[in-house]
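Let's take a quick tour of a protein model. Have the sequence and the 3D view handy as you read.

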Amino acid sequence: MPVTMRDVALQAGVSIKTVSRVVNHQPEISDVTRQRVLAVIDSLGYRPNFLARALVTQRTQIIGLVVVTLDNPYFTDIARGVQAAGREHAYQTFLATSDEDPHEEQHILESLVAYGADGLIVYAAHLGVLCGQCFQIRKQGCCLWRGWTGRRLRRLYCLFQSRGQCLEL
């Protein structure tokens with residue numbers, strides 16, 4: 001059974017709220033108390049439960065990145081950039097490839113929506129399939145972009161969920 005905040009609080013002799021403040025790096029805790037709680041966290045092997053946090057905050061801190069392939073260095077550079085930018089804001093990046101298969105794109109997008117991704121960045125090989133699904137994203141929205149693949153020029157799109165519009169950039 002996983003270690004909970006309650007377990008840490010009991011062992012450290014503090015409230016659950018104090019453990020929460022330490023875990024979330026809030027400044028209202030004295031250094032002595034912070035160190036005691038961190039020592040208990042370390043000794044018990046406590047890890048925050050991100051699913052529980054997502055239920056409370058209604059945010060998963062997940063960004064979905066969907067590209068057509070990783071064989072092209074362009075997409076690996078994009079993936080590195082998205083991951084680095086996400087990390088700066090405490091987001092995890094979930095990467096998926098579609099191999100330009102519209103059914104796979106649909107499946108990936110539905111899965112990311114079901115997992116509660118806060119936003120999607122999608123290189124859309126089949127924009128029509130994806131655009132309707134993106135309206136299910138209720139938090140950050142969905143950015144769809146198109147560029148060169150082979151000899152075909154595709155346009156860049158960005159979907160702003162808060163406005164409910166698909167805007168061409």
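Here are the main points, grouped by topic.

This is a predicted model, so local features need pLDDT of at least 70, side-chain atom pairs count only at pLDDT 80 or more, and totals for chains, interfaces and linings use all residues. Residues are numbered from 1 along each chain as its sequence is written, and side-chain values use heavy atoms, leaving out hydrogens and water.

**Confidence**
- The protein's mean pLDDT (the predictor's confidence in each residue, from 0 to 100) is 76, and 73% of its residues reach 70 or more.
- Over residues 144–169, pLDDT stays under 50.

**Strands** (helices, H or I, have at least four residues and strands, E, at least two; both are DSSP runs numbered from the N terminus)
- Strand E1 (residues 62–67) and strand E2 (residues 92–97) run parallel, joined by six bridges; strands pair if DSSP finds at least two bridges between them.
- Look for Val66, which sits opposite Ala96 in E2.
- From E1, the chain crosses through helix H5 (residues 73–88) to E2 in a right-handed β-α-β crossover (clockwise from the first strand over the helix to the second, with the strands pointing away from the viewer).

**Helix packing**
- Helix H2 (residues 16–23) packs against helix H3 (residues 31–44) at about 90°, with axes 10 Å apart (lines fitted to C-alpha atoms over the stretch in contact, with angles from 0 to 180 degrees between N-to-C directions).
- That makes H2 roughly perpendicular to H3 (65 to 115 degrees).

Notes:
Angles under 35 degrees count as roughly parallel, over 145 as roughly antiparallel, 65 to 115 as roughly perpendicular and the rest as oblique. Contact means heavy atoms within 4.5 Å.
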